[in-house]
Amino acid sequence: MNHTHNHSSSLCARQVQQARARLYTQVREFFAARDVLEVETPIISRYTVTDPHIDSIEVTCNDQRQFLHTSPEYAMKRLLASFGRDIYQLCKVFRAGESGKFHHTEFTMLEWYRVGWTYQDLMAEVDRLVKGLLHGSIALRESEFIRYQDIFQQYCGLDPWSARQEDYRAVCTQADLFPVTQLSEEAYQALLLDQVIAARLPRDRLIFIYDFPVQQACLARISDQGRAERFELYVGNLELANGYQELTDADEHQRRFAADNSRRKQAGKEPLEMDVSLIAALRAGLPDCAGVALGVDRLLMLITGAADINELLACPD
Amino acid sequence: MAAYHTNEFRSGLKLILDGAPHAIIENEFVKPGKGQAFNRVKLRNLKTGRVIDRTFKSGESVEGADVVDRDMQYLYNDGTQWHFMEPDSYEQYAASRAVVGEAAQWLKGQETCCVTLLDGEPLSVAAPNFVELQITQTDPGVRGDTAAGGVKPAAMETGAVIKVPLFIEEGEVLRIDTRTAEYVSRVKE
């Protein structure tokens, strides 16, 4: 996208900044009224996430190799372990190699944690907050809460717990999706959720998809029924938020981080040191809580009508 | 030829897919939530013109195609080979009738064409956007019929046949848009 001066972009830069400022004010009012504390954690850290699908930006700070955070999750969990009350943060996060209409390397995240809440409670709160923020921009109908298994059945005609390679391939072909190499089950599911299901979701409803396959648990707890207690919020094809019933067990964290690093090695990526400060905080005790991360720029796209996240950038290079 | 990583994908990039040279016409970055990222790409086969859809996992590499466009002067044809010359190097290239394709009907000699080379061999030829050709045959027009509207076929000196307004006469030189095969204007002496 060619950005010259303010005047030539389809969205006036001032309108964008005003919409952003309005949104931040509303977010702060929302949480102040609910006694959720705003916190600030470091952007630069010695440790970063081991997630095989996320590439962190490296910096050299004082002769030491450090990373820009991809989310404030680990730092906020350390705070939760330390003083166990509800917290939120609005901050910039960074993910290398993510660039497109809905992705930018640097973006703004709203992340918050509710101690003692279930992830269903938190979904309802996300619903309240986002409805309020979208008020006046989109005439929203009633929100929908649907299980991962059910939405796959509805839009792809397959059961993600039992579908085979051929079933996924068939749905892909029907949707003009032609993967060049063999995909894992997880990769098929991710591709179909984004390119088939999300592509067909209504743009005037908040759709919460919950209870994910175990391989996509990230740091969510796994239920007795073998489902990851995780949810995602979509409005149309835009994924806005990702939330969990947070995993609190330190050993399980270490197991998952080690598994992440194996997958990183398999993908030819460098394995990364686990965040020992996080592990220490988990051993001290993370209270039961539910947490969620919301992409503020994507929400702003819905509020301003921007078609491309780059339209929201102030002062592009 | 070097391989391209998915994060280098952009419109216009030339790749080898299924053994044939393709150009990327659309490239979409797809990354669902915390999952595997993909590039959803539309490509045109440079030999057949067919457009295909392919989804690449982020991180995959694809072989680049050694495809370049060069301006060359059309020299002549002997019925089976069309001969072109690069003006800077005087290097000559021969292209078959199939490779020259649609462009053949517009060429009489000396025109600057865009020749696409794959691994140094002509892959396709594009005639210049506009050519000036003389009409060799067309039915006489009705005198005074200068109003817009009616058209009649006219055969050009190269063999091309296009539609021209009724007032155009045999022997006239016309400016033609080769991209649309349409009459643009008469060329005044």
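I began with the interface and counted 28 residues of chain A in contact with 17 residues of chain B. I noted that this is a predicted model.

Next I looked up the area. Chain A and chain B bury about 2000 Å² between them. Carbon and sulfur atoms account for 54% of that.

Then I turned to charges. How many salt bridges does the rule find across the interface of chain A and chain B? I found one. K31(B) pairs with E98(A), and their closest N and O atoms are 2.6 Å apart.

Which elements give two or more residues to the side of chain A that touches chain B? I listed α6 (185–200), β9 (228–235) and β10 (238–245) of chain A. The largest share comes from α6(A), with five residues. I sorted the residues of this side by type: 12 are nonpolar, nine polar and seven charged.

My next entry is on one residue, Y47(A). I found Y47(A) in the loop between β2 (44–45) and β3 (58–61) of chain A. Is Y47(A) buried or exposed? Its relative accessible area is 13%, which is under 20%, so I put Y47(A) down as buried.

I then checked what Y47(A) touches. Leaving out residues up to four places away in sequence, I got F67(A), E273(A), M274(A), D275(A), V276(A) and S277(A). I took S277(A) for a distance check. Y47(A) and S277(A) are 230 residues apart along the chain, yet their C-alpha atoms are separated by 9.0 Å.

Note on methods. Residues are numbered from 1 along each chain as its sequence is written. Chains are lettered from A and ligands numbered from 1 in the order in which they are written. This is a predicted model: local features need pLDDT of at least 70, side-chain atom pairs count only at pLDDT 80 or more; totals for chains, interfaces and linings use all residues. Side-chain values use heavy atoms; hydrogens and water are left out. Helices (H or I, at least four residues) and strands (E, at least two) are DSSP runs, numbered from the N terminus. Buried means under 20% relative accessible area, exposed over 50%, partly exposed in between (1.4 Å probe, protein chains only). Contact means heavy atoms within 4.5 Å. Buried area is the accessible area (1.4 Å probe) that two parts lose on being put together, summed over both. A salt bridge is a side-chain nitrogen of Lys or Arg within 4 Å of a carboxyl oxygen of Asp or Glu. Ala, Val, Leu, Ile, Met, Phe, Trp, Tyr, Cys and Pro count as nonpolar, Asp, Glu, Lys and Arg as charged, and the others, Gly among them, as polar.
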